[in-house]
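Here is a walk through one protein chain, part by part. Have the structure open beside you as you read.

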Amino acid sequence: MASGVPVRIDIADKHFGATPLFEDLKLEIPAGEVLALIGPSGVGKSTLLRMVAGIDTDFTGTVEVDGKSPEKAPLPGFVFQDPRLLPWETATGNLRVVNPELSVEEAHKLLREMGLEGYEDALPGELSGGMQRRVALARSLAVAPGLLILDEPFVSIDRKLVRELSALIGEVIESYGPTVILVSHEPEDAARLADRVILLD
């Protein structure tokens, strides 16, 4: 995996129709920092992640990832609120879809690190919800990202699974050292992993 990269956010204006979402939002994220964004639903947390990832470009201002626009920067690792696995691909295939240059051996190594040894050839429908989330996390690492984006990775799962997944993410951060932007509406989950927490309100 690449080492963590700096992120600079300078949003002059972001609207949804006539409704302002962000105005004069400035944020610097040093390389390797784990930043958590918390706040109520609808405040724009997930939208900001999509802007950083280059998915949403409809705003006035700039976002830079390692000094480049998101469109020109290397792909970030992105873990969505739900696993979003391709149902016709195996666990291994889901990793190689995002990075065709990833060897089968490298994919299997990532899956082992996520505690999924023996499930390399399983289809998503054959996996539990928690296992699907582990595949999604492995998939985010398959592009060797310097930036890892986690959009509510603990939403709609029980607290036992939250603790397990949080510990796994903590191991990933310690082992790989990416810059991380984590969105959560639970301050406890954010504080467990983050170096810095920002409240959007």
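Predicted model: local features only at pLDDT ≥ 70, side-chain atom pairs only at ≥ 80, totals over all residues.

## Strand 7 and its partners

Asp-151 stands opposite Val-183 in strand 7. Asp-151 belongs to strand 6 (residues 147-151), which pairs with strand 7 (residues 179-184) in the parallel sense over five bridges. Leu-150 has its bridge partner in strand 7 too, and that partner is Leu-182.

How many of the six residues of strand 7 are buried? Six of the six are, so strand 7 is largely enclosed by the rest of the structure.

Helix 1 (residues 45-52) is mostly covered, with seven of its eight residues buried. The buried ones are Lys-45, Ser-46, Thr-47, Leu-48, Leu-49, Met-51 and Val-52. Just after helix 1 comes Gly-54, which takes a positive phi of about 85 degrees.

Helix 2 (residues 91-98) has buried residues as well: Ala-91, Thr-92, Gly-93, Asn-94 and Leu-95. What covers them? Helix 3 (104-113) and helix 4 (129-141) are included in that cover.

## A pocket and a cavity

Now for the empty space. Rolling a probe the size of a water molecule over the atoms shows where it is left. The largest pocket holds about 320 Å³ of space. It is lined by 15 residues, and the closest to its centre are Pro-76, Phe-78, Phe-80, Val-98 and Arg-139. Strand 5, helix 2 and helix 4 are the elements that give two or more residues to this lining. Which element gives the most to the lining of the largest pocket? That's helix 2, with three residues. By type, the pocket lining divides into ten nonpolar, three polar and two charged residues.

A search of the whole structure also turns up one cavity of 30 Å³ or more. The largest cavity has about 40 Å³ of space, and its lining consists of Val-79, Phe-80, Gln-81, Asp-82, Pro-83, Arg-133, Ala-136, Pro-153 and Leu-165. Those residues divide into six nonpolar, one polar and two charged. Look for Phe-80 in both places: Phe-80 is among the residues closest to the centre of the largest pocket, and Phe-80 also lines the largest cavity.

## Ser-166 in helix 5

Next, pick out Ser-166, which lies in helix 5 (residues 159-176). Is Ser-166 buried or exposed? Its relative accessible area is 2%, so Ser-166 is buried. Leaving aside residues up to four places away in sequence, Ser-166 touches Phe-154, Arg-192 and Leu-193.

## The hairpin of strands 1 and 2

Finally, take a look at strand 1 (residues 7-16) and strand 2 (residues 19-29), which run antiparallel and are joined by nine bridges. One of the pairs to look for is Arg-8, whose bridge partner in strand 2 is Glu-28. Strand 1 and strand 2 make a hairpin with two residues between the strands, and in that hairpin Gly-17 takes a positive phi near 65 degrees.

Notes:
Residues numbered from 1 in each chain as written. Heavy atoms only, no water. Buried < 20%, exposed > 50% of the residue type's maximum accessible area, 1.4 Å probe, protein only. Helix = DSSP H or I, 4+ residues; strand = E, 2+ residues; numbered from the N terminus. Contact = heavy atoms within 4.5 Å. Pairing = 2+ DSSP bridges. 1 Å grid on protein atoms, 1.4 Å probe; cavity = no way out; pocket = protein on both sides within 12 Å on 5 of 7 lines; lining within 4 Å. Points joined across faces, edges and corners; volume = space filled by probe spheres on them. Nonpolar A, V, L, I, M, F, W, Y, C, P; charged D, E, K, R; others polar.
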